[in-house]
Amino acid sequence: MGTYNKGILGAFSGKVGPVVGANWRGKEVLRSLPRKSNKAATPEQALHRLKFASVIGFLGPIYPILSRYYGANQGEKSRVNRAMSYHMKEVIVYADPDFTFAYNKVQLAKGYLIGVEAGAISTATTNTIDFSWNDNSGQGEAVATDKLVVGVYDAATKNWIYSLGVADRSATTGSLLLPITLSGATVEVWALFASADGKRNSTSTYLGNVVVS
């Protein structure tokens, strides 16, 4: 049932007859109801739907990172929308019968803050990834208190582990404790820096993969 907010000529939300009213990013919008189709999807359509679903499944768990750090909202296109568009065009790869991802092209964040310099990963400690990097505070807008944000992906289970604050930029080292279920797994790792107030961030850096000890 639709709800009129300002009378018959005003905005409304919900369904009224063949139309749907909603508020989208501060704008009142009106959409017609989609028509159901009894036609079977063509192979191309089915493949595109699988591609789209694969990207959503891949990026969905790291929504908190993308929504904070993937560039800036542009009009009606949100940060997550922009990340989806980029990964659909540049990252996902079809290897019959499934889709996979070019991990070196994956972007968890996009920004202009100075990023991770000489980043490296190791797993000397059980169920832990150890990070190291150069303290490049003072370059551009980089400061000592910028936070290292990391994302870890296990392709076998399609699970993500992430942290929005492993350590300060000036620390040059930090660690992320992983679930014991990832012991022995090969994981892909990315990192970026974000300012303490969250207003600035770097583009993410792919640090490679590592076998969890």
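Select Thr123 to begin: leaving aside residues up to four places away in sequence, Thr123 touches Thr128, Ile129, Val210, Val211, Val212 and Ser213, where contact means heavy atoms within 4.5 Å. The model is predicted, so that local features need pLDDT of at least 70 and side-chain atom pairs count only at pLDDT 80 or more, while totals for chains, interfaces and linings use all residues. Residues are numbered from 1 along each chain as its sequence is written, and side-chain values use heavy atoms, with hydrogens and water left out.

Thr123 lies in the loop between β7 (120-122) and β8 (128-132), strands being DSSP runs of E, at least two residues, numbered from the N terminus. At 15% relative accessibility Thr123 counts as buried, a label for values under 20% relative accessible area (1.4 Å probe, protein chains only). Its side chain reaches the backbone oxygen of Val211 at 3.0 Å.

Next, select the open sheet, in which 4 strands run in the order β10-β9-β12-β13 with antiparallel pairing; two strands pair if DSSP finds at least two bridges between them. Because β10 (159-163) and β13 (205-211) stand at the edges, each with a single partner strand, one side of each is left without a neighbour in the sheet. Zoom in on β9 (residues 147-154), which pairs with β10 over 5 bridges, and find Tyr153, whose bridge partner in β10 is Trp160.

Finally, move to Ser202 in the loop between β12 (186-194) and β13, a residue that is buried, with a relative accessible area of 0%. Ser202 and Gly111 are 91 residues apart in sequence, yet 4.4 Å apart in space, C-alpha to C-alpha.

Note on methods: Buried < 20%, exposed > 50% of the residue type's maximum accessible area, 1.4 Å probe, protein only. Polar contact = N/O pair within 3.5 Å; in protein donor to acceptor, adjacent residues only side chain to side chain.
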